[in-house]
Amino acid sequence: MSNLATLDVSQHPNLPQSSQTLFAAKAQKQLSFEDISKQIGRNEVATAAIFYGQAKASPEDIVNLSKALGVPQEQLEQQLSGFPDRGRSVEMPPREPLIYRLYEIVQNYGYAYKAVLNEKFGDGIMSAISFSTKVEKETDADGNNWAVITLRGKW
């Protein structure tokens, strides 16, 4: 597979040990996040978040990841049974161009999102805990590819 996300540990010094284990097995098996997500019953972004140590793996996730990746279940239980240390994987502001663009979207449109959300829902915030997200690819009539990122949070 030519578009397989891998891990350069020199670029991510703050990731947990589980990241190296998971990414090495992913590369060895030549599996995409989409492939793995189908095998463990999660969406692609949630699956990738487990790999980066940004989401908690359930006991069922650990069993399914062990089967999908061929990593001993005991090793994954040891590495994934703690709590995520969220937010440490990316420096702020981010320097990686794609992540910076996402940050830039919030910089440029954050208050517009807030104003529209407050008008629609009243005072409050969108949850990042009761939350889901997905990434889709659209191709227009001219053959241009478009990234569609959906953020869905409980108000």
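**Helices, core and recorded sites**

Trainee: Which residue with positive phi follows α3?
Mentor: Helices here are DSSP runs of H or I with at least four residues, and strands are DSSP runs of E with at least two, both numbered from the N terminus. After α3 comes a residue whose phi is positive, near 75°. That residue is Gly 53.

Trainee: What kind of model is this, and how are its residues numbered?
Mentor: This is a predicted model, in which local features need pLDDT of at least 70 and side-chain atom pairs count only at pLDDT 80 or more, while totals for chains, interfaces and linings use all residues. Side-chain values use heavy atoms, with hydrogens and water left out, and residues are numbered along each chain as its sequence is written, from 1.

Trainee: At the start of α3, which residue has a side-chain oxygen that reaches the backbone nitrogen of Val 45?
Mentor: The oxygen comes to within 2.9 Å of that nitrogen. A polar contact is a pair of N or O atoms within 3.5 Å; within protein, one must be able to donate a hydrogen and the other to accept it, and residues adjacent in sequence count only if both atoms are side-chain atoms. The residue with the oxygen is Asn 43.

Trainee: How wide an arc do the buried residues of α5 cover?
Mentor: Leu 76, Gln 79 and Leu 80 are the buried residues of α5. They sit on the same side of α5, since their arc around the axis is only 80°.

Trainee: Which exposed residues does the other face of α5 carry, turned away from its buried side?
Mentor: The buried residues of α5 pack against α1, α3 and α4, with contact meaning heavy atoms within 4.5 Å. The face turned away from them carries the exposed residues Glu 74 and Gln 78.

Trainee: How many residues are in the largest nonpolar core?
Mentor: Such a core is a set of buried Ala, Val, Leu, Ile, Met, Phe, Trp, Tyr and Cys residues joined through side-chain atoms within 4.5 Å. Those with the most contacts inside the largest one are Leu 22, Phe 51, Leu 65, Leu 69 and Leu 80. The residue count of this core is 20.

Trainee: With which "active site" residue does the side chain of Glu 104 make a polar contact?
Mentor: An unreviewed UniProt entry lists Arg 101, Glu 104 and Ser 127 under "active site"; such annotations may be inferred rather than shown by experiment, feature names are shortened, and positions are given in the numbering used here. Glu 104 lies in helix α6 and counts as partly exposed, because its relative accessibility is 22%.

Key: Buried < 20%, exposed > 50% of the residue type's maximum accessible area, 1.4 Å probe, protein only. Arc of directions from axis to C-beta.
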